[in-house]
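Dear colleague,

I am handing over the structure below, and my notes on its fold and its cores follow it. Please read them alongside the coordinates.

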Amino acid sequence: MAAPNFDDKQEGPDLTLRVLGVDPGLTRCGIGVVDIERNRRATMVAVGVVGTSAELTLDKRLLVIAKAIDEWLDLHQPDVVAVERVFSQMNVSTVMGVAQASGVVIAAAARRGIPVALHTPSEVKAAVTGSGTANKDAVTKLVTKILRLDAPPKPADAADALALALTHAWRAGNGMGAASGSGSLTPAQKAWAEAEAKARRKR
């Protein structure tokens, strides 16, 4: 399936970038989809958590995550996937689980031609709260406010996935976001960034 793009869309107020954020993990894998307009207004499309039991073998746990990611990608057809970058200060077992789940997500996106961006926890916290050392409660509170939600997304993995999506969209809008392994923006990201830049100049 070809990744959606804006090549055939006319510029207008409805021009949006759809980002699927993933907070990877074997026990809980948070997934969130957000639409961001060129004026940075963000709307949540969907959010959820895929869980696997530690009693299952590794291959079966990864298969559960793979099937779920496939369903989310096919259903929501994001322009880009944002995944949390493995953090070196995690303990070894946590790093392994995050890395394995991340690999499943990245491969699923690659099969569909969807670009992938990686962001560290500090980058996400700074983008959403203004502080790279903010705690999870602060991130959840701001995500709830930014997306105009009636209640905070739960568990924290769900809020983190939405925060990842917001982070990438905002950075891409500033011309900073890039696909993993690529030095340039995708056509969709370029179109959104150009439209957002024009909107800023009109303010």
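**Sheet, helices and cores**

Five strands make up an open sheet of mixed pairing, ordered E3-E2-E1-E4-E5, where strands are DSSP runs of E with at least two residues, helices are DSSP runs of H or I with at least four, both numbered from the N terminus, and two strands pair if DSSP finds at least two bridges between them. At the edges lie strand E3 (42-51) and strand E5 (116-119), each of which pairs on one side only. On average, neighbouring strands of this sheet are turned by 20 degrees against each other, direction ignored; axes here are lines fitted to C-alpha atoms, for helices over the stretch in contact, and angles run from 0 to 180 degrees between N-to-C directions.

As to provenance, this is a predicted model, in which local features need pLDDT of at least 70 and side-chain atom pairs count only at pLDDT 80 or more, while totals for chains, interfaces and linings use all residues. Residues are numbered from 1 along each chain as its sequence is written, and side-chain values use heavy atoms, with hydrogens and water left out.

Within the sheet, strand E1 (residues 16-23) pairs with strand E4 (residues 80-84) in the parallel sense over four bridges, and Val-19 has Val-80 as its bridge partner in E4. Across E1, E4 and E5 lies helix H2 (residues 92-111), which runs at about 170 degrees to E4. Overall, the protein chain has six helices and five strands, which follow one another from the N terminus as β-β-β-α-β-α-β-α-α-α-α.

Of the 203 residues in the protein chain, 48% are buried, meaning under 20% relative accessible area with a 1.4 Å probe, protein chains only. The largest nonpolar core has 24 residues, of which Leu-20, Val-22, Ile-65, Ile-69, Leu-73 and Val-81 touch the most other members; such a core is a set of buried Ala, Val, Leu, Ile, Met, Phe, Trp, Tyr and Cys residues joined through side-chain atoms within 4.5 Å. E1, strand E2 (28-37), E3, helix H1 (58-76), E4 and H2 each contribute at least two residues to this core, and H1 gives the largest share, seven residues.

Leaving aside neighbours within four places in sequence, Leu-20 is in contact (heavy atoms within 4.5 Å) with residues including Ile-31, Trp-72, Leu-73 and Val-81. A second, separate core of 20 residues has Leu-17, Ala-42, Val-124 and Val-139 among its members.

Best regards

How values were computed:
Buried < 20%, exposed > 50% of the residue type's maximum accessible area, 1.4 Å probe, protein only.
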